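Please look at the sequence and the model shown here before reading on. The text below is a guide to it in running paragraphs.

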Amino acid sequence: MEEESSHGCCRTNTWRPLKTRASATVFVLFAVVLLSGVFLSWRDVPSFTFPGAAIVETTTNESSAQPSLKTEFPLQCANATVKQTCPLDYPLKHETKDIYAEVCPEYFRWIHEDLQPWKAAGITREMLEGIKSTAHFRIVVHKGKVYLDKFRPAYQTREEFTFWGIVQLLRLYPGKLPDLELMFQCEDRPAIKKQDYQGSKATKIPPLFHYCGHHTAFDIPFPDWSFWGWPEVNIKPWERTLSAIKEKAEMMPWKDREPYAYWKGNPTTSPSRADLLKCNDTKKIDWKARLYDQDWGREMAEGFKHSNLEDQCTHRYNIYIEGIAWSVSQKYVLACDAMTLLIKPEYYDIFSRGLIPMDHYWPIRPHNKCRDIKFAVEWGNKHPTQALSIGENGRRFVAESVRMKYVYDYMFHLLSEYAKLLKFETKVPPGAVELCSEVMACPFSGPIRKFMEESMEMSPSDTLPCSLPPPYEPPELQAFLKRKEEVARQVETWESQHRKDSKRRSSSWWSSWWSRIFHR
């Protein structure tokens with residue numbers, strides 16, 4: 001507004017002698033030439049870079065013709081005879097170019113709900129230390145650096161890629177995360193049961209970070225390790241996998257895919273998965289499902305030739321079902337753009353509470369799997385436009401709202417809000433190890449090293465984290481949950497009515513047939 005008033009409403013056409021105007025014109029032309037020379041000379045001055053850093057050209061926006069210089073910090077591994085240490089050249093702070101941040105996706109609002117148990121009284125040192133025997137490790141962020149205090153090993157490389165993700169968060173947003181301490185557990189099921197913290201214990205709930213949550217537990221959901229890769233089963237980092245799935249799915253139009261529901265996985269991890277296999281095509285009933293047992297031992301021996309996630313977008317419908325607890329497979333199932341048949345889960349991860357039935361997926365009842373799957377497939381084949389729309393909405397949700405930028409932003413806001421609750425001074429415990437990309441990746445080789453390099457953040461972000469939306473108001477949250485329940489019940493009603501109509505038509509057919517036979 002100030003610029004408008006000084007050059008718009010207040011400008012006057014004051015007469016000036018011709019000589020003065022000419023002098024001013026000459027001065028302006030001289031200034032332009034002079035500044036152009038200075039600019040060209042400046043372009044020849046070498047820029048300062050940190051040791052080991054690289055300069056790459058980027059553009060600030062699509063319409064910008066001039067590229068800007070961005071400093072990258074590749075992995076700096078010492079030779080085998082020298083102990084690997086963290087380099088000193090990576091910046092501990094970085095000023096962003098943008099001063100405005102976009103609003104985070106809606107599911108970020110669950111951060112407030114997950115931290116609600118500690119909003120009133122905060123988190124004490126005693127609460128944190130009381131959960132040490134249950135946790136796998138402690139993470140400390142102190143003065144822009146991250147430290148690890150490890151208690152016991154976790155399954156496969158879950159913990160390594162969880163550490164890696166936190167290290168990349170600090171590389172992406174250096175200096176922006178507050179000091180904090182947290183405890184983390186890497187098992188499948190949540191550990192802090194609500195029933196154990198009633199009455200006088202309600203103010204002593206230990207905060208434990210985990211990969212999933214449950215309505216009967218206090219565990220705080222955090223992005224799972226597979227976003228950065230799961231080398232034991234050849235699942236590559238999320239961005240690369242998402243791109244590969246999209247490319248392969250576009251090669252086969254939805255109408256040309258197999259008109260059945262597809263699932264491939266390990267059926268031994270839960271009774272529900274074993275029960276799902278009963279829905280396979282049988283001689284008596286075709287439940288419209290094509291289900292396959294994934295033999296991981298054989299896959300490992302054969303070099304994972306038959307388990308590439310991008311090769312599994314060949315059917316119009318894909319099934320998601322939990323394993324021991326939640327499953328990392330949910331994001332890959334949704335990414336395929338087939339209509340997801342989601343068997344009602346008990347557990348939730350960071351984004352799944354943002355999914356809406358009949359918008360992002362078709363709900364399936366756990367105790368009525370086969371009938372519900374059959375009905376969903378038959379409905380979708382009769383209503384291909386609607387089925388394709390549901391599949392595309394699910395794909396768009398994970399491709400846009402769960403891209404890595406938002407995964408890091410979720411981590412940033414979750415940890416920042418958590419840090420506000422701490423009622424003690426952060427300290428680095430004796431024996432804790434400073435973590436950085438070099439200390440973590442350089443000792444490894446093979447797929448672990450490869451996945452870490454592929455998912456490594458090379459430069460600080462020039463954009464701010466997205467803006468955290470406010471908490472749900474209680475009536476608002478209840479209305480949201482009620483809406484999801486009502487939609488799921490409506491689908492159940494459709495299936496029940498369809499079954500009754502089918503029985504009526506079948507009964508009418510048999511009566512007509514018997515009548516014709518009897519009256520011959």
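Predicted model: local features only at pLDDT ≥ 70, side-chain atom pairs only at ≥ 80, totals over all residues.

Residues are numbered from 1 along each chain as its sequence is written, and side-chain values use heavy atoms, with hydrogens and water left out.

The protein chain has 15 helices and 15 strands. Both are DSSP runs numbered from the N terminus: helices are H or I with at least four residues, and strands are E with at least two. Of the 520 residues in the chain, 45% are buried. Here buried means under 20% relative accessible area, exposed means over 50%, and partly exposed is in between, with a 1.4 Å probe and protein chains only. A contact is a case of heavy atoms within 4.5 Å. Among contacts in the chain with a separation of 6 or more, 74% are between residues 24 or more positions apart.

Now take the helices in pairs. Helix α5 (158-172) and helix α12 (residues 404-419) have axes that come within 10 Å and cross at roughly 90°. That makes α5 roughly perpendicular to α12. On the α5 side the contact is made by G165, I166, Q168, L169 and L172, and on the α12 side by Y408, M411, F412 and L415. By class, this contact has seven nonpolar, two polar and no charged residues. In this classification Ala, Val, Leu, Ile, Met, Phe, Trp, Tyr, Cys and Pro are nonpolar, Asp, Glu, Lys and Arg are charged, and the others, Gly among them, are polar.

The axes themselves are lines fitted to C-alpha atoms, for helices over the stretch in contact, and the angles run from 0 to 180 degrees between N-to-C directions. Angles under 35 degrees count as roughly parallel, over 145 as roughly antiparallel, 65 to 115 as roughly perpendicular, and the rest as oblique.

A second pair is helix α10 (residues 369-382) and helix α11 (residues 384-401), which pack at about 115° with their axes 5 Å apart. These helices are therefore roughly perpendicular to each other. In α10, W379, G380, N381 and K382 meet P384, Q386 and A387 of α11. The residues of this contact comprise three nonpolar, three polar and one charged.

Helix α14 (residues 446-454) can be read by its buried residues, which are I448, F451 and M452. Seen down the axis of α14, they fall within an arc of 100°, so they line one face of the helix. The arc is that of the directions from the helix axis to the C-beta atoms. An α-helix has 3.6 residues a turn, so residues three or four places apart point the same way. The cover over the buried residues of α14 includes α5 and α13 (437-441).

Is S461 buried or exposed? At 11% relative accessibility, S461 counts as buried. A polar atom of its side chain lies 2.9 Å from the backbone oxygen of T463. Beyond its neighbours within four places in sequence, S461 is in contact with H94, T96, L172 and Y173.

T96 sits in the loop between β2 (68-72) and α3 (110-115), and T96 is buried, with a relative accessible area of 18%. T96 and D462 are 366 residues apart in sequence, yet their C-alpha atoms are 4.5 Å apart in space.

R257 is in the loop between α6 (238-250) and β9 (258-265), and R257 is buried at a relative accessible area of 3%. Its side chain is joined to that of D337 by a polar contact of 2.7 Å. A polar contact is a pair of N or O atoms within 3.5 Å; within protein, one must be able to donate a hydrogen and the other to accept it, and residues adjacent in sequence count only if both atoms are side-chain atoms.

The last stop is backbone angles. Most residues other than glycine have a negative phi. K143, which is not a glycine, has a positive phi of about 55°. K143 lies in the loop between β3 (137-142) and β4 (145-150) and counts as exposed at 65% relative accessibility. K288 is not a glycine either, and has a positive phi of about 65°. K288 lies in the loop between α7 (271-276) and β10 (289-293) and is partly exposed, with a relative accessible area of 22%.
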